[in-house]
Amino acid sequence: MGRAWLMAAILALPLTATMVTAQSASPWFPVPADAIYLTGDSWSAGDVTYRLYGVQACLRDTSFTNGHGLKRDCGEASLAMLVALVRDLRPQCYDAAESPQLRTVFVFCLASPSKGAAAGSRIDLGTALISTGFAFAALKPDGQPVHAPYFVAQLVAQRSKAGLWAFADLPDPNAIILRALRQASPAPASGMPGANPATP
């Protein structure tokens with residue numbers, strides 16, 4: 001099944017995943033110090049965009065009301081957490097899939113801290129973002145998670161009201177994206193085979 005459903009869900013464009021099978025000395029690479037952070041799940045380096053596979057950040061220009069009653073940009077909150085975690089954890093990433101036509105590489109990133117409370121453990125950057133409540137498990141256009149372990153981390157964060165889940169008016173990006181996809185796709189004509197008006 002396509003590893004590129006994440007971009008399809010975000011952009012509603014057909015996308016073909018190409019598995020990266022390069023046999024280099026080490027497939028791992030750091031997020032470069034001069035990376036330009038685009039969203040809470042992506043950055044660019046050179047002319048390539050890197051996205052965390054299976055992760056969906058809050059969308060820019062959507063807002064939540066913080067504990068002081070102030071409106072804050074949800075996308076900026078996700079972005080700030082990504083920058084902080086990359087700075088603190090210094091993860092190494094590897095290519096999971098790519099979309100050459102969009103110049104986008106989907107990555108998993110792992111960190112192995114050598115000091116502090118997490119010393120000796122392996123931390124997945126996507127799990128860290130989602131479990132702290134500052135990102136979400138990306139969904140395919142059919143509403144199924146792109147990467148099931150991330151969906152489990154999201155459920156735990158949601159139940160414990162971690163991070164952005166603490167705010168009642170949190171603008172769930174997956175709900176916004178799925179709604180936009182449904183509105184963009186033509187509705188099947190009634191009476192046609194496969195038409196299911198009850199589908200959400």
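Aspartate 61 is exposed, at 75% relative accessibility. The cut-off for that class is over 50%. In this predicted model, aspartate 61 sits in the loop between β5 (55-57) and β6 (63-65). Its phi is positive, near 65 degrees, and the residue is not a glycine.

Lysine 161 also has a positive phi without being a glycine, at about 55 degrees. The loop between α4 (148-159) and α5 (173-184) holds lysine 161. The relative accessible area of lysine 161 is 56%, so it counts as exposed.

## Helix α2

Helix α2 covers residues 74-89, 16 residues in all. From first C-alpha to last, α2 reaches 23 Å. That is close to the 22 Å expected at 1.5 Å a residue.

Both ends have a local feature. At the start of α2, a side-chain oxygen of aspartate 73 comes to within 2.9 Å of the backbone nitrogen of glycine 75. Arginine 90 follows α2, and its phi is positive, near 50 degrees.

Which residues of α2 are buried? They are Cys74, Gly75, Ala77, Ser78, Leu79, Leu82, Ala84, Leu85, Val86 and Leu89. An α-helix has 3.6 residues a turn, so residues three or four places apart point the same way. In α2, the buried set includes Ala77, Ser78, Leu82, Leu85 and Leu89.

## The second largest pocket

The second largest pocket holds about 200 Å³ of space. Asp88, Leu89 and Arg90 are among its lining residues. Leu89 is also one of the buried residues of α2, and Arg90 is the residue with positive phi that follows the helix.

The lining also includes Ser112, Pro113, Ser114, Lys115, Gly116, Ala117 and Ala118, along with Ile123. By class, five lining residues are nonpolar, three are polar and three are charged.

## Aromatic pairs

How many aromatic pairs does the structure hold? There are eight. In one of them, the rings of tryptophan 28 and tyrosine 94 have centres 4.7 Å apart. Their planes stand at 70 degrees, so the pair is edge-to-face; the cut-off for that class is over 60 degrees.

This pair links distant parts of the chain, 66 residues apart. Tryptophan 28 lies in the loop between α1 (5-11) and β1 (29-30), while tyrosine 94 belongs to strand β8 (residues 92-99). Tryptophan 28 is partly exposed, with a relative accessible area of 35%. Tyrosine 94 is partly exposed too, at 28%. Ring pairs join Trp28 and Tyr94 with Tyr53, Phe108 and Tyr150 in a cluster.

Threonine 104 is in strand β9 (residues 104-111). Is threonine 104 buried or exposed? At 5% relative accessibility, threonine 104 counts as buried, because the class takes values under 20%. Its side chain reaches the backbone oxygen of leucine 102 at 3.1 Å.

Alanine 137 belongs to strand β11 (residues 135-137). Alanine 137 is buried, with a relative accessibility of 1%. The C-alpha atoms of alanine 137 and glycine 126 are 8.6 Å apart. Along the chain, these two residues are separated by eleven residues.

Terms used. Residues are numbered from 1 along each chain as its sequence is written. This is a predicted model: local features need pLDDT of at least 70, side-chain atom pairs count only at pLDDT 80 or more; totals for chains, interfaces and linings use all residues. Side-chain values use heavy atoms; hydrogens and water are left out. Rings of Phe, Tyr and Trp (its six-membered ring) pair if their centres lie within 6.5 Å; planes under 30 degrees apart count as stacked, over 60 as edge-to-face and the rest as tilted. Helices (H or I, at least four residues) and strands (E, at least two) are DSSP runs, numbered from the N terminus. Buried means under 20% relative accessible area, exposed over 50%, partly exposed in between (1.4 Å probe, protein chains only). The expected span of a helix is 1.5 Å times one less than its number of residues. A polar contact is a pair of N or O atoms within 3.5 Å; within protein, one must be able to donate a hydrogen and the other to accept it, and residues adjacent in sequence count only if both atoms are side-chain atoms. On a 1 Å grid over the protein atoms alone, a cavity is a set of points where a 1.4 Å probe fits but cannot get out, and a pocket is an open set with protein on both sides within 12 Å along at least five of seven lines; lining residues have an atom within 4 Å of a point. Grid points are joined across faces, edges and corners, and a volume is the space filled by probe spheres set on the points. Ala, Val, Leu, Ile, Met, Phe, Trp, Tyr, Cys and Pro count as nonpolar, Asp, Glu, Lys and Arg as charged, and the others, Gly among them, as polar.
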